[in-house]
Amino acid sequence: MFRSFVVAFGLVAPLAGGGAAFADEPVDTARAIIQQQIAAFLHDDAEAAYSFASPAIRGKFPDKATFFDMVKRGYQPVYRPGNFAFGRSKVVGDQVLQEVLISAPDGKDWTAVYELLKQPDGSYKINGVMILQQAPGPAI
């Protein structure tokens, strides 16, 4: 069963411009954001995790505590992943879809498909994640 949720990505190291794109290549940028978001979750850094939420996500979860609690309670494979690896990716216009294969600490395998959207300022923000218990996931 698919469960959709929204995840914003945090920082491992400070970035100039508060979320500007990290690379010219959209897939590289998406992967960097995902890695940093996972680090923020592992460090319980709600502010960093929330910093990459798209405007639509911020509308649904208007503060970092509400957002972080939703992820923490409902999406343990992303909040506390074991090992993870990047799978397939696809760029469609200003949208990047990135598959992440997760082996959770409980031994279950998950596939998360992240949607990142390019913002007017050129940065990418997380607009949603679809997660299911299997690997690999559906076609993207």
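The model is a predicted one, in which local features require pLDDT of at least 70 and side-chain atom pairs count only at pLDDT 80 or more, while totals for chains, interfaces and linings use all residues. Residues are numbered from 1 along each chain as its sequence is written, and side-chain values use heavy atoms, with hydrogens and water left out. Although Asp44 is not glycine, its phi is positive, near 50°. Asp44 counts as partly exposed because its relative accessibility is 42%; buried denotes under 20% relative accessible area, exposed over 50%, and partly exposed the range in between (1.4 Å probe, protein chains only).

The chain contains 5 helices and 5 strands, arranged along the sequence as β-α-α-α-α-α-β-β-β-β. Of its 140 residues, 44% are buried. Among contacts (heavy atoms within 4.5 Å) with a separation of 6 or more, 58% are between residues 24 or more positions apart. The accessible surface of the chain is about 6900 Å², and carbon and sulfur atoms contribute 53% of this area; accessible areas were computed by the Shrake-Rupley method with a 1.4 Å probe, and for residues only the protein chains shown count as cover.

A nonpolar core is defined as a set of buried Ala, Val, Leu, Ile, Met, Phe, Trp, Tyr and Cys residues joined through side-chain atoms within 4.5 Å. The largest such core has 33 residues, of which Phe41, Phe67, Val71, Tyr114 and Leu116 touch the most other members. Two or more residues of this core come from each of α1, α2, α4 (64–74), α5 (76–79), β3 (95–103), β4 (109–118) and β5 (124–132). The highest contribution is that of α1, with 6 residues. In soluble globular proteins, nonpolar side chains tend to be buried together.

Strand β4 is largely enclosed by the rest of the structure, since 7 of its 10 residues are buried. Pairing of two strands requires at least two DSSP bridges between them. β3 and β4 run antiparallel and are joined by 9 bridges; Glu99 has Val113 in β4 as its bridge partner. The hairpin of these strands has 5 residues between them, and Gly107 adopts a positive phi near 90°. β4 also pairs with β5, in the antiparallel sense, over 8 bridges, and Leu117 is bridged to Lys125 in β5. The hairpin formed by β4 and β5 has 5 residues between the strands, with a positive phi of about 95° at Gly122 in the turn.

Definitions and conventions
Helices (H or I, at least four residues) and strands (E, at least two) are DSSP runs, numbered from the N terminus.
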